[in-house]
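These are my notebook entries on a structure that I looked up. I set down each point in the order in which I checked it.

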Amino acid sequence: MSSIIITILFMVVIGAIIGGFTNSLAIKMLFRPYKPLYIGKWKVPFTPGLIPKRRDELAVQLGRMVVEHLLTPEGIQKKMHDPVFKLTMVEYAQKEVMKYLDKEDTIEELISKGLHMESPSTVTKEKARAYIKGKLEAKVNELKAQEVGEVLPDRLVSKVDSGIEPFSDLILTKVSDYIASPEGKEKLSVMIDLYLAERGTLGSMINMFFTNTRIVDKVQPELLRLLKQKDIQQVIVTMLEKEWSSIKESKVETFEDKVNLNDVVHDLSEAIVKELPIDQIMELPLSKAIEPFKDRIIEDFVPRIVDAAGNYLSHQLQPLMEQLQLAEIVKSQVEGFSVGRIEEMVLSISRREFKMITYLGAVLGGLIGVVQGIIITIIG
């Protein structure tokens, strides 16, 4: 009886060893050998292992599996529309934006670092100057072919039209006041002297009968009386109206020889740029510059941007993933892995299961050994 038990136990041990060993060998042969083995020119069967031999096919299948079953547009869209995920993304974005907005770097320093730009304030001024100058030049070229009356605002034209008569009155009043003043009288006396001197003998004869003072005393009141007459005023009004009408009907380009429009554009653009607070803005720390808008940026602007970005990506996900060619990326990555790395990746996931398969082979081998032992005992 004891010999029977020993025989059965022996068969169990042998069966367990064979079952465990064969299963372990089968698992090893999934990965090894990494390369085909040769005896002379004869290739040893089952070399290389299954996975090294089918690595290219494995790479293709993994790429398809990722795109068709794992990273699908529908799955990503569902995740992006998930309220919890949206809230998490908004909180993350708010935290990152808050860190950036709290920086004490000046706007000029941030632009210089971010865009690798030297002297952003100078560049900004140059850009602003070029933009303003370009706009002014385009406007001037557009206005050159138009009449002055069409270019000037209607309000200004009406104001000048209605101001001609008061302006003529002002001219006559100022001229009369000047002639009536001692300075004006002295100037008038000098003019009479020059006039008589230019008349030669006639002037000398007049001087023989009148003194210079007496002539001024007679001319001054008459001249003042003449300036107060309505006819003189009407002449000046008519002359001003005629000149103003001529100016309004003239083309803007006719004044180019009197006024250098290029210089005007240049000087005006320089004056505008000089008034822009570019230097003051560039020297402000970012935290101070956006202080009045900080709460609105964090609480309103950032959530809107995150939501808009999520919606945009959600709608563009399908073409975006097609452009990324994720299947090709996965395929290229897997093809670049060494077989040893693939083995390590698989074993890191399934090491426990492979051990259980080995143990199962040993158990099955042991059971087969029991059956064999019993059969041998019965036969024997």
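Which residues of H9 are buried? I found that they are Val-157, Ile-164, Ser-168, Leu-172, Ser-176 and Ile-179; buried means under 20% relative accessible area, exposed over 50% and partly exposed in between, with a 1.4 Å probe and protein chains only. Helices (H or I, at least four residues) are DSSP runs, numbered from the N terminus.

I noted that this is a predicted model, in which local features need pLDDT of at least 70 and side-chain atom pairs count only at pLDDT 80 or more, while totals for chains, interfaces and linings use all residues. Residues are numbered from 1 along each chain as its sequence is written, and side-chain values use heavy atoms, with hydrogens and water left out.

**Entry on H9.** I checked the length of H9: its 27 residues reach 39 Å from first C-alpha to last, close to the 39 Å expected at 1.5 Å a residue. The expected span is 1.5 Å times one less than the number of residues. I also recorded a bend of about 45 degrees at Ile-164, with Pro-166 following within four residues; the bend is the angle between axes fitted to the seven residues ending there and the seven starting there.

**Entry on H5.** I listed the buried residues of H5 as Val-90, Ala-93, Gln-94 and Leu-101. They cover an arc of only 105 degrees around the axis, which puts them on the same side of H5; the arc is that of the directions from the helix axis to the C-beta atoms. On the other side of H5, I found Val-84, Tyr-92, Lys-95 and Lys-99 exposed. The cover over the buried residues includes helix H16 (286–289) and helix H17 (294–324).

**Entry on two loops.** I located Thr-106 in the loop between H5 and H6. Thr-106 is buried, at a relative accessible area of 18%. Leaving aside neighbours within four places in sequence, Thr-106 is in contact (heavy atoms within 4.5 Å) with Met-282, Glu-283, Leu-284, Pro-285 and Leu-286. I then turned to Ser-119, in the loop between H6 (107–115) and H7 (120–143). Ser-119 has a positive phi of about 50 degrees although it is not a glycine, and it counts as partly exposed at 34% relative accessibility.
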